[in-house]
Amino acid sequence: MRRINIKTKTKIVTKSFNKIEELNHFLFYHCHCFYFDNLSKKIWELNVGKSLEDNGIRFSIQSKARVGNQLVL
């Protein structure tokens, strides 16, 4: 699971995604990004605390979590 901060011009929203396909869906329908597959791979691979800006929207990783009883990074 990834918790991703999404910052537009006026607001910051935090979304949680369990799979990269959920992030693809969000980018296509809410951010109107047509090359969402490439962008979602870049966002998914970001380290915690790093950010990526695209088309005036900044994406940053708040946390990464693994399934089960494993440690949250």
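**A guided reading of the predicted model**

H25 lies in helix α1, where helices (H or I, at least four residues) and strands (E, at least two) are DSSP runs numbered from the N terminus. This is a predicted model, in which local features need pLDDT of at least 70 and side-chain atom pairs count only at pLDDT 80 or more, while totals for chains, interfaces and linings use all residues. Residues are numbered from 1 along each chain as its sequence is written, and side-chain values use heavy atoms, with hydrogens and water left out.

H25 has a relative accessibility of 46% and counts as partly exposed; buried means under 20% relative accessible area, exposed over 50%, and partly exposed in between (1.4 Å probe, protein chains only). Its C-alpha atom is separated by 8.3 Å from that of F36, eleven residues apart along the chain.

The structure holds three aromatic pairs, and F28 and Y29 form one that is edge-to-face, at 4.9 Å centre to centre and 90 degrees between the planes. Rings of Phe, Tyr and Trp (its six-membered ring) pair if their centres lie within 6.5 Å; planes under 30 degrees apart count as stacked, over 60 as edge-to-face and the rest as tilted. Ring pairs link F28, Y29 and F36 into a cluster.

Charged contacts come next. Two salt bridges are found in a search of the whole structure, each defined as a side-chain nitrogen of Lys or Arg within 4 Å of a carboxyl oxygen of Asp or Glu. One joins K41 to D37, with the closest N and O atoms 3.9 Å apart. Both residues lie in helix α2 (residues 36-44), four residues apart, about one turn of the helix. K41 is partly exposed at 48% relative accessibility, and D37 is partly exposed at 40%. The side chains of E53 and R58 also meet in a salt bridge, at 3.2 Å from N to O; R58 is partly exposed, with a relative accessible area of 40%.

Strand β4 (residues 57-64) has six of its eight residues buried, so it is largely enclosed by the rest of the structure. Two strands pair if DSSP finds at least two bridges between them. Strand β1 (residues 2-7) pairs with β4 in the antiparallel sense over six bridges, and R3 stands opposite S63 in β4. Strand β3 (residues 51-54) runs antiparallel to β4 and is joined to β4 by four bridges, with L52 opposite F59. β3 and β4 form a hairpin with two residues between them, and N55 in the turn has a positive phi of about 55 degrees.

On a 1 Å grid over the protein atoms alone, a pocket is an open set of points where a 1.4 Å probe fits, with protein on both sides within 12 Å along at least five of seven lines; lining residues have an atom within 4 Å of a point. I6, T8, K11, V13, K15, F26, H30, C31 and I57 line the largest pocket. The elements giving two or more residues to this lining are β2 (12-17) and α1 (20-30). By class, the lining has five nonpolar, two polar and two charged residues (Ala, Val, Leu, Ile, Met, Phe, Trp, Tyr, Cys and Pro count as nonpolar, Asp, Glu, Lys and Arg as charged, and the others, Gly among them, as polar).
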